[in-house]
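The sequence and coordinates are shown first.

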Amino acid sequence: VSRSAVERNEEPRNLYQIYIAENFRPDQLVFIDESACNRITMRRPMAWSHVGSHACRPGMYRCSILPALSLDGILHLDVQDRTYTSATFTQFINTLLDNMNLSHSIPVEHVSGGPLTG
């Protein structure tokens, strides 16, 4: 069972999809999505903790994975032992652009439309 996000607004979402479809070819698109995993991610369906603290086990290794994917496969990949911050995400994007031999004058924005800040 899944629910739609409360802040989800279909009209701007549809306009964005139309804009992308009319202005970009599929081979020009790059998708980025952070994921996290640990040793028991697939085995533990639930966890508990005290109010105000994260559920975790002592000595549990956690890693965050950030791939950049295109139709050609993985363009760039970063794995680290902590969550990505705005600064580490911006560094990832800059490295991706360097690897793609693109100018850094390309505006990089969040999906929400706000500019990234380091």
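## Salt bridges

The count of salt bridges comes to three, a salt bridge being a side-chain nitrogen of Lys or Arg within 4 Å of a carboxyl oxygen of Asp or Glu. The model is predicted: local features need pLDDT of at least 70, side-chain atom pairs count only at pLDDT 80 or more, and totals for chains, interfaces and linings use all residues. Residues are numbered from 1 along each chain as its sequence is written, and side-chain values use heavy atoms, with hydrogens and water left out.

Glu10 pairs with Arg13, their closest N and O atoms being 4.0 Å apart. Both residues lie in helix α1 (residues 10-23), three residues apart, or about one turn of the helix; helices (H or I, at least four residues) and strands (E, at least two) are DSSP runs numbered from the N terminus. Glu10 is partly exposed at 39% relative accessibility, and Arg13 is partly exposed at 37%. Here buried means under 20% relative accessible area, exposed over 50%, and partly exposed in between (1.4 Å probe, protein chains only).

Asp27 forms a salt bridge with Arg25, with 3.0 Å between the closest N and O atoms; Arg25 is partly exposed, at 47%. The side chains of Asp81 and Arg82 meet at 3.1 Å, N to O, and Arg82 is likewise partly exposed, with 47% relative accessibility.

## Aromatic pair

A search of the whole structure finds one aromatic pair (ring centres of Phe, Tyr and Trp, the last by its six-membered ring, within 6.5 Å; planes under 30 degrees apart are stacked, over 60 edge-to-face, the rest tilted). Tyr19 and Phe24 form this edge-to-face pair, at 6.1 Å centre to centre with 70° between the planes. Tyr19 is partly exposed at 45% relative accessibility, as is Phe24 at 36%.

## Nonpolar core

The largest nonpolar core has seven residues: Leu66, Ala68, Tyr84, Phe92, Ile93, Leu96 and Leu97. Such a core is a set of buried Ala, Val, Leu, Ile, Met, Phe, Trp, Tyr and Cys residues joined through side-chain atoms within 4.5 Å. The elements that give two or more residues to this core are β3 and α2 (86-99), and α2 gives the most, with four residues.

Leu96 touches Val30, Ile32, Ala68, Leu75 and His76, not counting residues up to four places away in sequence (contact: heavy atoms within 4.5 Å).
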